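Here is a short tour for someone meeting this structure for the first time. Keep the sequence and the 3D view side by side as you read.

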Amino acid sequence: LRAFARNAPEQAVAAPIGQVVEDALALIAGRLRDERAEVRFMPPSPPVHVLGGVVRLQQVVLNILGNALDAQAEGEAPVIEILIETDAQQVMLSVRDHGPGLSDAIRGKVFDPFFTTKTDGGGEGMGLGLSISYGIIRSFGGDLTATNHPDGGAVFTIRLARADDVEMAA
């Protein structure tokens with residue numbers, strides 16, 4: 001939060017996006033295990049690199065994964081699908097949950113600071129995670145969007161410039 005508030009830039013490097021996702025999954029592994037979550041993810045081979053900061057990209061992916069777990073019905077094993085697609089200029093990282101999806105009202109506010117759908121009163125859900133994540137992705141010249149999947153659930157998609165010069169990889 002402090003780094004974002006100061007707008008402290010992280011140098012953009014050729015970040016291996018598959019490794020960023022794997023590291024975020026490792027950080028949230030305990031919660032995934034506790035909730036019996038099924039994660040469907042195949043890292044790209046060969047590795048794909050994006051222009052971004054490794055640590056801040058991990059923070060974004062970790063936040064989106066946490067929200068995907070939160071969005072799914074309690075008592076049922078959550079399912080999260082992670083897909084990395086590329087074209088000549090950009091990389092798209094999509095995270096899909098199997099929850100109820102986003103209503104039109106929520107979809108229009110999901111990246112607003114302090115907007116939250118969490119009402120448990122337990123200190124969770126300050127409504128800053130997606131707003132900060134949006135700012136981080138924009139600081140790397142990318143975009144973060146939220147849509148609904150045709151078969152149900154929400155899909156958050158990160159679009160970043162592809163980095164072909166892996167010599168500067170982190």
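Start at I158. Setting aside neighbours within four places in sequence, I158 is in contact with V60, V61, I64, V91, M92, L93, I137, D143 and L144. The model you are looking at is predicted. I158 sits in strand β7. Its relative accessible area is 4%. The cut-off for buried is under 20%, so I158 counts as buried. A146 is 12 residues away from I158 in sequence, and their C-alpha atoms are 9.2 Å apart in space.

**The overall plan**

Now step back to the whole protein. There are 6 helices and 7 strands. Along the sequence they follow the pattern α-β-α-α-β-β-α-β-β-α-α-β-β. The protein has 170 residues, and buried residues make up 40% of them. Its accessible surface comes to about 9400 Å². Carbon and sulfur atoms hold 52% of that surface. Take the contacts with a separation of 6 or more: residues 24 or more positions apart account for 70% of them.

**The nonpolar core**

In soluble globular proteins, nonpolar side chains tend to be buried together. How many residues are in the largest nonpolar core here? This core has 39 residues. L65, I82, F156 and I158 have the most contacts inside it. The elements giving two or more residues to this core are β1 (13–16), α2 (17–27), α4 (54–70), β4 (79–86), β5 (90–97), α6 (129–139), β6 (143–148) and β7 (154–161). Which of them gives the largest share? The largest share comes from α4, with 8 residues.

Beyond its neighbours within four places in sequence, I82 is in contact with V21, L25, V39, R40, F41, L65, L93, S94 and V95.

**How the helices pack**

Two packed helices are described by the angle between their axes and the distance between the axes.

| Helix pair | Angle | Axis distance | Crossing |
|---|---|---|---|
| α2 and α4 | about 55° | 9 Å | right-handed |
| α4 and α6 | about 145° | 10 Å | left-handed |

Look at the pair α2 and α4. Their axes pack at an angle of about 55°. That makes α2 oblique to α4. From α2, the contact uses V20, V21, D23, A24, L25 and L27. From α4, it uses V54, L57, Q58, V61, L62 and L65.

Q58 is found in helix α4. Is Q58 buried or exposed? Q58 is buried, because its relative accessible area is 15% and the cut-off is under 20%. Not counting residues up to four places away in sequence, Q58 touches V20, D23 and A24. Q58 and V20 are 38 residues apart in sequence, yet 5.6 Å apart in space, C-alpha to C-alpha.

Next, turn to α4 and α6. On the α4 side, R56, L57, Q59, V60, N63, I64 and N67 take part. They meet G129, L130, S133, I136, I137 and S139 in α6. The buried residues of α6 include L130, S131, I132, S133, G135, I136 and I137.

**Backbone details to find**

Most residues other than glycine have a negative phi, and most peptide bonds are trans.

The peptide bond from S45 to P46 is cis, with omega near 0°. P46 lies in the loop between β2 (38–41) and β3 (49–52). At 63% relative accessibility, P46 counts as exposed. P46 and G18 are 28 residues apart in sequence, and 9.7 Å apart in space, C-alpha to C-alpha.

Then comes an arginine. R36 is not a glycine, yet it has a positive phi of about 55°. R36 lies in the loop between α3 (29–34) and β2. With 55% relative accessibility, R36 counts as exposed.

Last, a glycine. Just after α6, G141 takes a positive phi of about 80°.

How values were computed
Residues numbered from 1 in each chain as written. Heavy atoms only, no water. Core = buried A, V, L, I, M, F, W, Y, C linked by side-chain atoms within 4.5 Å. Buried < 20%, exposed > 50% of the residue type's maximum accessible area, 1.4 Å probe, protein only. Helix = DSSP H or I, 4+ residues; strand = E, 2+ residues; numbered from the N terminus. Contact = heavy atoms within 4.5 Å. Areas by Shrake-Rupley, 256 points an atom, 1.4 Å probe, with all protein chains shown as cover. Axes fitted to C-alpha atoms, helices over the stretch in contact; angles between N-to-C directions. Parallel < 35°, antiparallel > 145°, perpendicular 65-115°, else oblique. Left-handed = near helix turned anticlockwise from the far one by under 90°.
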